[in-house]
Amino acid sequence: MAWKLVLVALMGLAIGALLGMLILRASRQREERRRQAARHLDVLDNLSILCRALLQEQVDSAEASIRISVLLDCLPQGIEPKVDLAAIHRLAEECGEFTRGEQRRELAPAERNRQDVARLRLEDEQGAAVRAAAERLAGVLDAWRARVAV
């Protein structure tokens, strides 16, 4: 009879430990989803600022498209509603060939000037399409916020 009580007690402990592990795992998953949602909301805030700056011509379209493109890659693939942002990605990709940062400072002045002229030409050609895409993006950011926050 005593061994049955010990067996029942051990089974109860095992079940309790299993339930505790499941609760802990669910809690960790919930916390990770909360952290991820907070990161996504930060990305959306940054996108909003960049769109506003681009539309107010406080930043050039090449710089904005590079930054927006990187930020968009941080969001979930299936975010809805879908919006056509191909112009932003296209300009960001074409500007990717230009030297930036510390390496740009090390370029010869003639090479830096050649890249500047090429970048300005791309901005002239694609700037209107990029601004239109930024307007579309700004228009869906609130809907994206609502979906990410859930």
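This is a predicted model: local features need pLDDT of at least 70, side-chain atom pairs count only at pLDDT 80 or more; totals for chains, interfaces and linings use all residues.
On to charge. There are 23 positive and 22 negative side chains in the protein, and the centres of these two sets lie 11 Å apart.

Now for the fold. We have five helices and zero strands, so reading from the N terminus you simply get α-α-α-α-α. The radius of gyration is 25 Å, well over the 15 Å that the globule rule gives for 150 residues, so the protein is more spread out than a compact globule. As for dimensions, the C-alpha trace spans about 95 × 35 × 20 Å along its principal axes.

What about the inside? Of the 150 residues in the protein, 29% are buried. And if you take the contacts with a separation of 6 or more, 76% of them come from residues 24 or more positions apart.

Where does glutamine 77 sit? You'll find it in the loop between helix 2, residues 61-72, and helix 3, residues 86-95. Is glutamine 77 buried or exposed? Its relative accessibility is 70%, so glutamine 77 counts as exposed, the cut-off for exposed being over 50%. If you'd like a distance to look at on the screen, take glutamine 77 and valine 43: they are 34 residues apart along the chain, and their C-alpha atoms are separated by 14 Å.

Technical notes: Residues are numbered from 1 along each chain as its sequence is written. Side-chain values use heavy atoms; hydrogens and water are left out. Helices (H or I, at least four residues) and strands (E, at least two) are DSSP runs, numbered from the N terminus. The radius of gyration is taken over C-alpha atoms; the globule rule is 2.2 Å times the number of residues to the power 0.38. Buried means under 20% relative accessible area, exposed over 50%, partly exposed in between (1.4 Å probe, protein chains only). Contact means heavy atoms within 4.5 Å. Lys and Arg count as positive and Asp and Glu as negative; His and the chain ends are not counted. The place of a charge is taken as NZ of Lys, CZ of Arg, CG of Asp or CD of Glu.
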